[in-house]
Amino acid sequence: MTAVLSTHGLVARYGDFQALYGVDIELHQGEAVALIGANGAGKSTLLRSIMGLLPVGREMVLLHGEPVGGTATDRMVQKGVAIVPEGRRLFTGMSVEDNLRVAIDQAARMGAKGGWTLPRLHRLFPILKEKARAPVQSLSGGQQQMVAIGRALLCQPRVLLCDEISLGLAPKVIREIYAALPEIRATGTAMIVVEQDVGLARSASDRLYCMLEGRVTLTGRSAEITREQIGKAYFGAGHAVV
Amino acid sequence: MQWFDALVQGILLGGMYAQYALGMALMFGVMRIVNISHGDLVILLSLIGISIATAWGLGPLPVLVVLVPLAVLMGWVLQKAVLNRVVGSDPLPSLIATFGLSIALQNLMLQIWSANSRSLPGHGIESQSLEIGGIYVGLLPLIVLAVATGLTWCLDLTLKRTRFGRALRAASADVEAAAMTGINPRAVYAMATAAAVGILGFAAVFQALRSTVAPADGPAQLIYAFEAVIIGGMGTVWGAFVGSMVLGISQAIGFRIDPGFGVLAGHIVFLAVLASRPQGLFGKALS
Ligand SMILES: Nc1ncnc2c1ncn2[C@@H]1O[C@H](COP(=O)(O)OP(=O)(O)O)[C@@H](O)[C@H]1O
Ligand SMILES: [Mg+2]
């Protein structure tokens, strides 16, 4: 079975600084994959490289077997890949509804088909209906994260990349947001979820990859990997096990 | 009565300034692109309009019909060929590139049209006036104000209600996040600059009808447009309109106090607003 999305020897740089050293990952139809690793391991860089936000070689990223590395970001969205970026990156100065409408507009322009509509999103996150007219920056962190997820869903993605959607949120809000992931998966969307909380990452995924200093150090089924293996992969060999 | 007359004349002058300022409100206020060649583009379009009118014997309205699409095309080319190469969070590259363009355009215009002042023949429209409440008001300035109001209204609605407007506001807020939502920022910016320069096509015709134009006049128009946008507040189209009125009224009242004081009065009011309310009359304070 060919992967929906895969990377092959993916290398990425910020100027002279090399951030990724030959990363190979795979994402299959309907699958949720977690990506864990310490701060600075290269998780965000990996997602940004897939989205065309960093220059990478054409053959380093395959989407349904087609080489797409280095494709412009808006074209990647058109091809069915959407991202909930680190730090949310909402359009400040615009209302909640206008933030979401931007995605609806573009999906319509590109003729993207999918099951996500504003009413359906409102059922998933009712607060977004209540706050539709509020300036997006007036929302709480958790509510803003819901807007960011909603905006990505309204792009009608077949592949959704989520970068630390729990960062800085209260445990109750994190549970609420993660509770929405099964419904997103039920639409057939495959997901890569970057997550600092290892327990949360394991429970929300089928498989996981652990990264360290720009390389994948561990991969396997989330239910089968042991804490000890993760500890080693997370901090590097020789480091004390957590 | 004399002061009321100054107020009315100031509002009418503000209508002219609003036509320069709208394009600036879009490019500088929303997209944060500093276009130093703004005024030179108005003058270039005016001179082209005057040449077309004399060569083909056209009246003001046909000139407008020819000039606005030409202006739209010029704006689109300007963004595609020059500004899209230098867009980014740093405003300095666009400033330098358009500063160079401004000098090049002024020299080009001097070569083609010489330094003489010219104007567009209005076929009588420029000398008609109406009496309103004991004051004589020129027909042409009234038309200018009406067109400025209409353009402001259209631009404001376009930004608020259309797909293009939302995409432009999104790209201006965060270019990368806009691309992540499927927007092609360069295409959106090319359309926005086309719209901004297209509006200057209107300004060019009315400027050449109301007074005279010469190749070196651009920088003054740039300053008025810039002042109007800053007085009104960045990112608000109606703010730029009101800023233009404030500038026009200040100049008209200053002119009544002393004919040499008119333009300076406008600059003083601009500085006073900048000192007391840096975000402009309608701008939101930076947090
Ligand atoms: N814009 C940037 N410029 C230079 N270096 C960067 C930039 N962004 C990230 N890095 C570096 O790349 C490495 C990987 O960063 P990142 O992908 O953000 O890690 P993670 O998301 O796993 O925390 C880090 O060493 C970080 O300092
Ligand atoms: Mg990160």
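Predicted model: local features only at pLDDT ≥ 70, side-chain atom pairs only at ≥ 80, totals over all residues.
## Where the chains meet

Chain A brings 22 residues to the contact, and chain B brings 17 residues. Together they bury about 1,800 Å². Carbon and sulfur atoms give 60% of that area.

## Pairs across the interface

Five salt bridges cross between chain A and chain B. One of them joins Glu176(B) to Arg89(A), with 3.3 Å from N to O.

## The chain A side

Two elements of chain A each give two or more residues to the side that touches chain B: helix 2 (73-78) and helix 3 (96-110). Helix 3 of chain A gives the most, with nine residues. Sorted by class, this side of chain A has eleven nonpolar, eight charged and three polar residues.

## The magnesium site

Which protein donors does the magnesium ion (ligand 2) have? They are Ser44(A), through OG, and Glu86(A), through OE.

Ser44(A) sits in helix 1 (residues 43-50) of chain A. Glu86(A) sits in the loop between strand 6 (81-84) and helix 3 of chain A. The pair therefore ties together parts that are 42 residues apart in sequence.

Glu86(A) is partly exposed, with a relative accessible area of 37%.

Definitions and conventions: Residues numbered from 1 in each chain as written. Chains lettered and ligands numbered in written order. Heavy atoms only, no water. Contact = heavy atoms within 4.5 Å. Buried area = accessible area lost by both parts, 1.4 Å probe. Salt bridge = Lys/Arg side-chain N within 4 Å of Asp/Glu carboxyl O. Helix = DSSP H or I, 4+ residues; strand = E, 2+ residues; numbered from the N terminus. Nonpolar A, V, L, I, M, F, W, Y, C, P; charged D, E, K, R; others polar. Donors = N, O, S within 2.8 Å, 3.2 Å for Na, K, Ca; no water. Buried < 20%, exposed > 50% of the residue type's maximum accessible area, 1.4 Å probe, protein only.
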